[in-house]
Amino acid sequence: MLCLAAATALPLHAAWFGAAVAQEQAPQKGPQTIQDTEIEALLRDYTRPIMKAAGLAQQNVEVVLISSRAFNAFVADGRRIFVNTGALVDSVTPNQIIGVLAHETGHIAGGHLARMREQLAGAQTMAIVAMLLAAGGVAAGATTGMNGRDVGSVGAAALSAPQEMIRRSLLSYQRGEEAAADRSAVKYLNATGQSAKGMLETFERFQNDQLFISQRVDPYVLSHPMARERIGALEQLAKTSPYYDVKDPPALQARHDMMRAKLIGFMERPEAVARRYPPSDGSMAAQYARAISAYRFGNVDSSIRQIDALIAKEPSNPYFQELKGQALLEAGRPSEAVAPLRKAVQMTNGAPLIRAMLGQALVQSGNQSFTQEAIRELVQATQRDPNSPSAWRSLALAYGRSGDTANADLASAHSYFASGDFKLGRELAARARTKFPQGSPGWLKADDLVNFKPPASAANRR
């Protein structure tokens, strides 16, 4: 369900690495975030025109992927749109997920988060006043001679009624914001020459899902407008657009199909992948999903043959090279992974996630002649994406092999910071600081980590 959600505690780094596979999970409890170069590039292409139409092109709004099969997307601040992988998998066309992204962009452009905070602050004040008034009413009842049971029941009603009114007021406010975001989404889609039909199709699906429960639900307790009301308003807006019947470009649809296949290949069991993409399906998307599933569940040689077939069909596709390197690396064949990962880095102009995986393969190969190349790749990867513990760990190993113990300790400190272990990270940074000349760039970086003050919630975990 599309909703304006409160801020959610999320890990600082990826649960998946490169082609969705780092296998490293933050110590915090909560949703797992996912990073993937291919999917993120597609989502940037989806959001770029929408952000421009909304006047947010200079705001560097980021789309963050959450590993959850539920269909959902939300904003938690003015900088990020969170999208569940389930929303990507269940959106059959690009237009359907673009409509979702346009809706969430409407929340950011409309400043809904800031206004909701104001509403919540006001509600807290109202709640305090209501409780005091209700308590005064209970005291008055006691002085008039009401018995204890009567005073208790009246008191409970007096205390709960204002709370219910406040809650309904907040929900009514939020429903208004959702409707405003719908209108803004259609405006952005029109400005970019895209249809709102996909957005309408998504809401119609929600309506079908809700039909069996909506007959007896009080609409005031819902955090969004009732589906039928929302669809009616959206349909009226969408069908008056001159772009209503515009279709997604075939090339964009093909990229969307590959994204869905990738997620399904990584997230589903082999039997589920086989049901969605049976051997009779010869599409590139089906071959992609089956190749991913094969390597994930131990049939690496079969997977490599399938990936090589994909590469033969599309030799300029960097993500096939990335997948081959990843499959080989995770199969314990890092030396073989180096060549395809080098190609993927070159083809993507140095994508940091792929660069980090290349550095990891170079280190794990055990080839001493690769050490300086590994350091170069991992330094550039961590400069662009400093939140991957595995990249920092690989860099620490590379520095250690080169005999640079100061930078090895500093990289290890960064790896613990990225994992959320600030205590051990500070200890390693302090050790690294003693090995650098005072005032040097390395000394200053180590000193910054030693003196870093983590957020209170993070500090309490360590």
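This is a predicted model: local features need pLDDT of at least 70, side-chain atom pairs count only at pLDDT 80 or more; totals for chains, interfaces and linings use all residues.
Which residues is W443 in contact with, leaving aside its neighbours within four places in sequence? Keep that one in mind, everyone, and I'll come back to it after a quick tour.

Hi all. The mean pLDDT of the protein chain is 81, and 73% of its residues reach 70 or more. Among the elements, helix α13, residues 334-347, has the highest mean pLDDT, at 98. At the other end, helix α4, covering residues 112-143, has the lowest, at 45.

Now the overall picture. The protein chain has 20 helices and 4 strands. Of its 462 residues, 51% count as buried. Looking at contacts with a separation of 6 or more, 62% of them are between residues 24 or more positions apart.

Let's zoom in on some helices. Two packed helices are described by the angle between their axes and the distance between the axes. Start with α13 and α14: their axes come within 9 Å and cross at roughly 155°. An angle over 145 degrees counts as roughly antiparallel, and therefore α13 and α14 are roughly antiparallel to each other. Their crossing is left-handed. On the α13 side, the contact is made by P334, A337, V338, L341, R342, A344 and V345. Facing them from α14 are I354, R355, M357, L358, A361, L362 and Q364. By class, this contact of α13 with α14 has 11 nonpolar, 1 polar and 2 charged residues.

Helix α14, residues 352-364, also packs with α15, residues 371-384. Here the angle is about 150°, and the axes are 8 Å apart. That makes α14 roughly antiparallel to α15. The crossing of α14 and α15 is left-handed. From α14, the residues making the contact include R355, L358 and L362, and from α15 they include E373, L378 and R384. The residues of this contact divide into 8 nonpolar, 3 polar and 4 charged.

S394 is buried, because its relative accessible area is 8% and the cut-off for buried is under 20%. Not counting residues up to four places away in sequence, S394 touches Q360, V363 and L378.

W443 is found in helix α19, residues 441-450. With a relative accessible area of 18%, W443 is buried too. Its contacts, once neighbours within four places are left aside, are R433, F436, P437 and Q438. One more detail to look for on the structure: the C-alpha atoms of W443 and A429 are separated by 9.1 Å, and these residues are 14 apart along the chain.

Notes
Residues are numbered from 1 along each chain as its sequence is written. Side-chain values use heavy atoms; hydrogens and water are left out. Axes are lines fitted to C-alpha atoms, for helices over the stretch in contact, and angles run from 0 to 180 degrees between N-to-C directions. Helices (H or I, at least four residues) and strands (E, at least two) are DSSP runs, numbered from the N terminus. Angles under 35 degrees count as roughly parallel, over 145 as roughly antiparallel, 65 to 115 as roughly perpendicular and the rest as oblique. A crossing is left-handed if the near helix is turned anticlockwise from the far one by less than a right angle, and right-handed if clockwise. Contact means heavy atoms within 4.5 Å. Ala, Val, Leu, Ile, Met, Phe, Trp, Tyr, Cys and Pro count as nonpolar, Asp, Glu, Lys and Arg as charged, and the others, Gly among them, as polar. Buried means under 20% relative accessible area, exposed over 50%, partly exposed in between (1.4 Å probe, protein chains only). pLDDT is the predictor's confidence in each residue, from 0 to 100.
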